[in-house]
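Good morning, colleagues. Please look at the sequence and structure now.

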Amino acid sequence: MNDHPIPSPGSGLKCQPETLLVLCDFDGTVCRVDMGNAFLERFAEGWEEIDRSYAAGEVGSRAAYSRIAPLFRANRSQVLDFVLRRERLDPHFPEFLRFCRGRKFDLKIVSDGLDVYIEAILRKYGLDVEFYSNRLLFREDDRIDFAFPLASEACGRCGTCKRSLLDRFRSDYDRIIYIGDGYSDVCPARVADLVFAKPILHEICVTNGTPSLPYHDFGDIRRSLEKSIPDGS
Ligand SMILES: [Mg+2]
């Protein structure tokens, strides 16, 4: 006797619903204010010159953070107080998250920013979202360290290598949508299946020949996906 059932015609991978992952940048994307910039401007006097080198492509974010760390002065409560007053979540993001969950799309945040403010802002709005970022470690003397558990050893430019994260998730999903706005989004945008980009990223994508769709807020993206991906549920 053979106890193993014979697969019926048509069973197998083709019958599985498509699996889709939405990867979102945080600063300037989920949060309309670039909290990383606001935060360093407030607590790391003299950081602007280092930021100019970063924006000009002379140093990567990992090296920039390492140079900024000795300039930083603040404790956890000062940081959290500032972040919760200054943050501006995209008002359409909570609804977009509900839309994704309704469609069974996974959504994860990938950020070259810092865990302390991402966690605080998501908690403020009661949003339970998996995120990947650099870490800020508070010391007792109002000084801090940065840690980069998600850097790429092969490249090393960014604190968090979003391209490596996308590659890591690739085998679990049929399609990956990427949403971003800036320099740290350029590499993952090159290998995503669909890209939504705000102006700086969009301009670089155009130069690189990476197809991308411009957007203003998460309401635009929801409407676009509603049209382009039929609801199969
Ligand atoms: Mg950004």
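**Aromatic rings and a helix crossing**

Ring pairs join Phe26, Phe39, Phe43, Tyr65, Phe72, Phe82, Tyr117, Phe146 and Phe148 into a cluster. Rings of Phe, Tyr and Trp (its six-membered ring) pair if their centres lie within 6.5 Å; planes under 30 degrees apart count as stacked, over 60 as edge-to-face and the rest as tilted.

The model is predicted: local features need pLDDT of at least 70, side-chain atom pairs count only at pLDDT 80 or more, and totals for chains, interfaces and linings use all residues. Residues are numbered from 1 along each chain as its sequence is written, and side-chain values use heavy atoms, with hydrogens and water left out.

A search of the whole structure finds 16 aromatic pairs. In one of them, the centres of the phenylalanine 43 and phenylalanine 82 rings are 5.5 Å apart with planes at 80°, so the pair is edge-to-face. Phenylalanine 43 lies in helix H1 (residues 35-43) and phenylalanine 82 in helix H4 (residues 76-86), 39 residues apart. Helices here are DSSP runs (H or I, at least four residues), numbered from the N terminus.

Phenylalanine 43 counts as buried at 5% relative accessibility; buried means under 20% relative accessible area (1.4 Å probe, protein chains only). A tilted pair is formed by phenylalanine 96 and phenylalanine 218, 5.0 Å centre to centre with 50° between the planes. This pair links helix H5 to helix H10, across 122 residues, and both phenylalanine 96 and phenylalanine 218 are buried.

Conventions
Helices (H or I, at least four residues) and strands (E, at least two) are DSSP runs, numbered from the N terminus. Buried means under 20% relative accessible area, exposed over 50%, partly exposed in between (1.4 Å probe, protein chains only).
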